[in-house]
2 protein chains.
Amino acid sequence: MVARVLVVEDAEAIRTAVGIALEEAGCEVLTRADGELLERDLAAFRPDLVLLDVMLPGRDGFVLLELVRELSNAGIVLLTARDAVEDRLHGLRTGADDYVVKPFVLAELIARVEAVLRRMGRLRTVLEIGDLAIDVEASSVSRAGRPLELTATELKLLTFLAGRRDKVVGKAQLLAAVWGYDDYAANLVEVHVSALRRKLGSPALLHTIRGAGYLLREPTE
Amino acid sequence: MVARVLVVEDAEAIRTAVGIALEEAGCEVLTRADGELLERDLAAFRPDLVLLDVMLPGRDGFVLLELVRELSNAGIVLLTARDAVEDRLHGLRTGADDYVVKPFVLAELIARVEAVLRRMGRLRTVLEIGDLAIDVEASSVSRAGRPLELTATELKLLTFLAGRRDKVVGKAQLLAAVWGYDDYAANLVEVHVSALRRKLGSPALLHTIRGAGYLLREPTE
DNA sequence: ACCGCACCTGAAGGTGTGCTGAAGGCGGCG
DNA sequence: CGCCGCCTTCAGCACACCTTCAGGTGCGGT
C-alpha cells in the first residue's frame, strides 16, 4: 500500500502508533496533534487520505472535516469514541468515507484505510522484490525506503524484469519488450543493465545468467 | 503447479487433507497447527503463499496476517468459518489476496491458491528427480534445497536427461540434442557429464551405461 | 589374472560473452 | 540558439566457459 496519509489525533500514544503502523504498511505519513495547521498541511502534503479524530482540543472535528472536503479531495476516515454514536452517524452523513471506533486493532484500522483508498482509486500498485519497491503508477522506485533516480529506459527495463521475477529473460525478449526492436542491436541491453545495476546498489538482485539472459530475484536470507 | 505453500490450520483433519492435496498438485508444503513459529517459518521456508486459518488458538489471526505481510511478500489465502463476525472478516479480507469459507471443497481451495499464485507471477515449472529440482524458467537447479551453480551446457545436458528419466541416452543423441553436432567430437560429452556429476554431488543419480550411454534415475533405496 | 577398450578427470589453450568507460548524436527545455 | 541529459554505439578488457589433449582408472572379456 502506497499513499500519503495525514493523521490528526491528540493522544500521543495513538498518534505515534498509528503513524508507525501506516509507515510499515508502506505509506508516507504526516502526524499532527491538532488541526491548527490543517489548511497548510493539505496544500503542502497533499494527502490521499486524512485520518481524523473528531474529539480534538481547539477546532472542532466537524469543522476540520468540512475543511478537508472543501480544500482537497482526500479520503476521510474518522476516529471516534465508542459511546459517540451520534457523532458517528453525523460524521458519515457529512461526508466521511469510513470510521473506526476506539479502541481499535491497528490491523483493522490499516485495513479500512486501505479499503477507502482502494475505493477511491488512490492506491498505487507497487511491485516489491526484497527491499526494492517499484511504484508502477507513480513511475518511482525506491530501495530500503530511499528513492532511486532511474531514467525512463531503466524503469521500463526494471519493471519488465520485476513482472517476471524469478524467471530468466533473454536479451532478445528484453529488446522486444523494452525497445520494440526485432533484431539484435549491439550491446544495448548490457549497457542499460549495467547502469541499472549501479543504481540499484546491490548485486544480489539482478543476476546475469550467462548464455541465457537476466534474472531479477529476491535475495535469499 | 509448483510453489512453496505454508499451511497454518489447527484442525488436524483439514490440515493434513489440504497438505496432501497441495502436494499432489505439485507444491512444496509446510504445515503448522498454530502460528507460534511463523517468523522462523517465513524466513526459512520462504513460502510463495500462506494458507491461514483466522480462528487459531494462541496468536490472533490479525497479528499473523500482519506478520506475513510485514516479513514476506507471500500471497495470503484465508480459511474462514461461515459464522464469523462480519466486519472482523472484512478487515481481514482487505489484507488477504483471497479467502475460502469452511466447509470447502478441496478442488476449490486448490483452484484459488493457484489463481492467487498465478496473479502474483509466482508459479513455476519445475522438474523433480528425487531431491533434485530443475526450474526451467529460472534456469536454476537445486538439490535438497541447496542451489547448484551449473553452466549453460550442463543445464541443457541435465534438462535433456531429466526429460527422459529412466531411459538410456546415447552419446550421439546427447551430442545432437545439446550441442547440435552431427558427428562425433572427441570426449566432449564425457567431460561435461563428469563436471555435472561433480556438481550434483551424488553418484546415485547419473549412471553410466557402458557401451550405451547415460541414465538419469531417481535413487530407489 | 591379464589385456584392451571405454570411460574418467585434471590441466591448458582459445574463444565467446558480458562488463564498462568514453564519445557521438539526438531531443527537450530554458 | 545553446545547454544538458539520455540513448546508443564502439572498443578494450576480463573472465567464465568450452573444447581438446593426455594420462589414469576400472570394468569385462578371455
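## Chain A at a glance

Helices here are DSSP runs of H or I with at least four residues, strands are E runs of at least two, and both are numbered from the N terminus. Counted that way, chain A has eight helices and 11 strands. Keep in mind that this is a predicted model.

Chain A has 221 residues, and 33% of them count as buried. If you look at the contacts in chain A with a separation of 6 or more, 54% come from residues 24 or more positions apart.

Let's start with one sheet in chain A. Its four strands run in the order 6-7-8-9, the sheet is open, and the pairing is antiparallel. Strand 6 (126-129) and strand 9 (146-148) of chain A sit at the edges with a single partner strand each, so each has one side without a neighbour in the sheet. On average, neighbouring strands are turned by 25° against each other, direction ignored.

Helix 6 (residues 152-163) of chain A packs on this sheet, where it touches strand 6, strand 7 (132-135) and strand 8 of chain A. The direction of helix 6 makes about 110° with that of strand 7 of chain A.

How is strand 8 tied to strand 9? Three bridges join strand 8 (residues 140-143) of chain A to strand 9 of chain A, and the two run antiparallel. To pick out one pair, A:Val141 has A:Leu148 in strand 9 of chain A as its bridge partner.

## Where chains A and B meet

On to the protein-protein interface: 21 residues of chain A are in contact with 15 residues of chain B. Helix 5 (residues 106-119) of chain A gives the most to chain A's side, with six residues. By class, chain A's side has eight nonpolar, three polar and 10 charged residues.

## Around DNA strand D

As for its make-up, the surface near DNA strand D has 12 nonpolar, six polar and two charged residues.

## Loops worth a look in chain B

B:Ala144 counts as exposed because it has 10 other C-beta atoms within 10 Å, and the cut-off for exposed is 12 or fewer.

Then there are two prolines. A cis peptide bond, with omega about -5°, joins B:Lys102 and B:Pro103. B:Pro103 is in the loop between strand 5 (98-102) and helix 5 (106-120) of chain B. B:Pro57 is in the loop between strand 3 (49-53) and helix 3 (61-71) of chain B. Is B:Pro57 buried or exposed? It is exposed, with 9 C-beta neighbours inside 10 Å. Leaving out residues up to four places away in sequence, B:Pro57 touches B:Asp10 and B:Asp34. The C-alpha atoms of B:Pro57 and B:Gly35 are separated by 8.8 Å, with the two residues 22 apart along the chain.

Note on methods
Residues are numbered from 1 along each chain as its sequence is written. Chains are lettered from A and ligands numbered from 1 in the order in which they are written. This is a predicted model: local features need pLDDT of at least 70, side-chain atom pairs count only at pLDDT 80 or more; totals for chains, interfaces and linings use all residues. Two residues are in contact if their C-beta atoms, placed from the backbone, lie within 7 Å. Ala, Val, Leu, Ile, Met, Phe, Trp, Tyr, Cys and Pro count as nonpolar, Asp, Glu, Lys and Arg as charged, and the others, Gly among them, as polar. A residue is buried if 20 or more other C-beta atoms lie within 10 Å of its own, exposed if 12 or fewer, and partly exposed in between; C-beta atoms are placed from the backbone. Two strands pair if DSSP finds at least two bridges between them. Axes are lines fitted to C-alpha atoms, for helices over the stretch in contact, and angles run from 0 to 180 degrees between N-to-C directions.
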